[in-house]
Amino acid sequence: MMNHWKKLLATALVGVMAVAAGCGAVAEKTDSSSSSAAGQAKKFTIACDAKYAPFSMEVDGKYKGIDVELLDAIAKEEGFEYELKPMDFSGIIPALVSDQIDGAIAGMNITDERKQKVDFSDGYIQSGLAVVTNKDNTSIIKVEDLQGKTAAVKKGTTGAKFAEDNKDKYGLTINYYDDSPSMMLAVANGNADFLMEDYPVISYQIKIGEQAKLRVAVDSVIDPPSYGFAVKKGANAELLKKFNAGLKKIKDNGTYDKIVGQYITKK
C-alpha cells in the first residue's frame with residue numbers, strides 16, 4: 001500500500017512541475033515578443049517632388065539631388081529609417097493632411113498660407129522666385145514687362161500664387177501644369193510667354209544644358225523665401241525635431257556644403 005501511495009505522489013509532482021514549466025515557457029515567450037515590438041523603430045514615409053532637379057531627380061533608376069541627399073544624411077545622423085515616396089508637388093500637402101505620408105522634403109517654400117496646414121522645419125536653403133522666358137524672347141527684362149503675358153506655372157507652387165495674386169495687376173493669362181518639365185516645355189515651345197520657377201532650380205538646368213532654350217529674365221520677384229521640411233500640422237513633432245537636429249549637425253560637420261555645392265553655387 002505504501003508503495004502505491006508513493007507512486008501516486010510522484011505522478012502528481014511530475015504533473016505540477018510540467019504545468020509550472022509550461023506556464024514559465026509561455027510567459028517567457030510573451031515577454032520576448034513584447035520586448036521586440038517595443039524596440040522596433042517606426043519607418044517614416046517621406047515624399048519628395050518626383051521631377052524637380054537639382055533637388056530631386058531620378059537617375060539610372062535611383063533618386064538623387066539636394067533634397068534627397070540632405071534627407072539621407074540627416075536620417076543617418078539621427079538614426080531613423082524612411083521610405084522615399086516621389087510625388088507630383090500638388091499632391092504633397094493633401095497627402096500630409098490625410099496621413100498618407102509622414103513628412104515631405106520637396107523644395108517647398110515656407111509660407112504663412114502653408115503653415116495653416118503643415119508645420120515646417122528650420123529653413124534648409126533660400127530660393128529666389130525667377131521669371132524665365134524663351135531665350136529668344138527679349139520682351140521681358142523686368143517685372144513690369146509681364147503686362148498682358150501668358151504665364152506657365154506649376155500647380156500649388158509659390159510661382160502659381162504669385163501669378164494668381166498679380167493676375168489682375170498685369171492682365172495675366174495663367175496656364176497650369178502638373179510638373180516642372182511640362183511647364184518649361186510650354187515656354188520653350190512658345191505656348192506661354194514666361195514661367196515662374198525657383199532660381200536655383202532653373203539656373204542649374206540651364207547651366208547643364210537641360211533647358212538650353214530658356215533664359216532667366218528676372219532673378220527674383222520676391223524676397224527669397226526658405227525651403228522647409230514639412231509634416232502635418234500638430235503631428236510628427238518627433239520627426240520634425242530629428243530633422244532640425246540632423247540639419248544642424250550636417251551643417252556643422254561640412255556635409256551640408258558638400259551636398260549643396262555639387263548642384264548650385266551662390267549668386
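Modeller: Happy to. Let me begin at a loop residue and then work towards the sheet. Asp60 has a relative accessible area of 79%, so it counts as exposed, the cut-off being over 50%. Please keep in mind throughout that this is a predicted model. Asp60 sits in the loop between S2 and strand S3 (62-64), and its phi is near 55°, a positive value in a residue other than glycine. Asp99 gives a second example: its phi is near 65°, again positive in a residue other than glycine. Asp99 belongs to the loop between H3 and strand S5 (103-104), and with a relative accessible area of 53% it is exposed. One more backbone detail concerns a proline. The peptide bond between Ala53 and Pro54 is cis, with omega of about 5°, and Pro54 is in the loop that links strand S1 (43-49) and strand S2 (57-59).

Now to the part I would like to look at closely, the sheet around S11. This is an open sheet of 5 strands with mixed pairing, in the order S10-S9-S11-S8-S12. The edges are held by strand S10 (173-177) and strand S12 (214-218); each has a single partner strand, so one side of each has no neighbour in the sheet. Ignoring direction, neighbouring strands in this sheet are turned by 35° against each other on average.

In that order, strand S11 (194-198) stands between S9 and S8. On one flank, S11 runs parallel to S9, and 2 bridges join the two; Ala152 has Leu195 in S11 as its bridge partner. On the other flank, S11 and S8 run antiparallel and are joined by 5 bridges, with Thr133 opposite Phe194 in S11.

How enclosed is S11 by the rest of the structure? Because 5 of its 5 residues are buried, S11 is largely enclosed. Its side chains point two ways: Phe194, Met196 and Asp198 go one way, Leu195 and Glu197 go the other, and all of them are buried. Across the sheet lies helix H7 (residues 180-188), which covers S8, strand S9 (150-154), S10, S11 and S12 and runs at about 145° to S11.

Helix H8 (residues 199-207) comes next, and its buried residues are Tyr199, Pro200, Val201, Ile202, Tyr204 and Gln205. Ser203 is also in helix H8, but at 22% relative accessibility it counts as partly exposed. Between Ser203 and Arg215 the separation is 12 residues in sequence and 8.4 Å in space, C-alpha to C-alpha. Just after H8, Gly209 takes a positive phi of about 90°.

The structure holds 1 cavity of 30 Å³ or more, and the largest cavity has a volume of about 110 Å³. Of the 15 residues in its lining, Tyr52, Thr157, Thr158, Glu197 and Asp198 lie nearest the centre. H5 and S11 are the elements that give this lining two or more residues, and the largest share, 3 residues, comes from S11. The lining comprises 6 nonpolar, 5 polar and 4 charged residues.

Terms used: Residues are numbered from 1 along each chain as its sequence is written. This is a predicted model: local features need pLDDT of at least 70, side-chain atom pairs count only at pLDDT 80 or more; totals for chains, interfaces and linings use all residues. Side-chain values use heavy atoms; hydrogens and water are left out. Two strands pair if DSSP finds at least two bridges between them. Helices (H or I, at least four residues) and strands (E, at least two) are DSSP runs, numbered from the N terminus. Axes are lines fitted to C-alpha atoms, for helices over the stretch in contact, and angles run from 0 to 180 degrees between N-to-C directions. Contact means heavy atoms within 4.5 Å. Buried means under 20% relative accessible area, exposed over 50%, partly exposed in between (1.4 Å probe, protein chains only). On a 1 Å grid over the protein atoms alone, a cavity is a set of points where a 1.4 Å probe fits but cannot get out, and a pocket is an open set with protein on both sides within 12 Å along at least five of seven lines; lining residues have an atom within 4 Å of a point. Grid points are joined across faces, edges and corners, and a volume is the space filled by probe spheres set on the points. Ala, Val, Leu, Ile, Met, Phe, Trp, Tyr, Cys and Pro count as nonpolar, Asp, Glu, Lys and Arg as charged, and the others, Gly among them, as polar.
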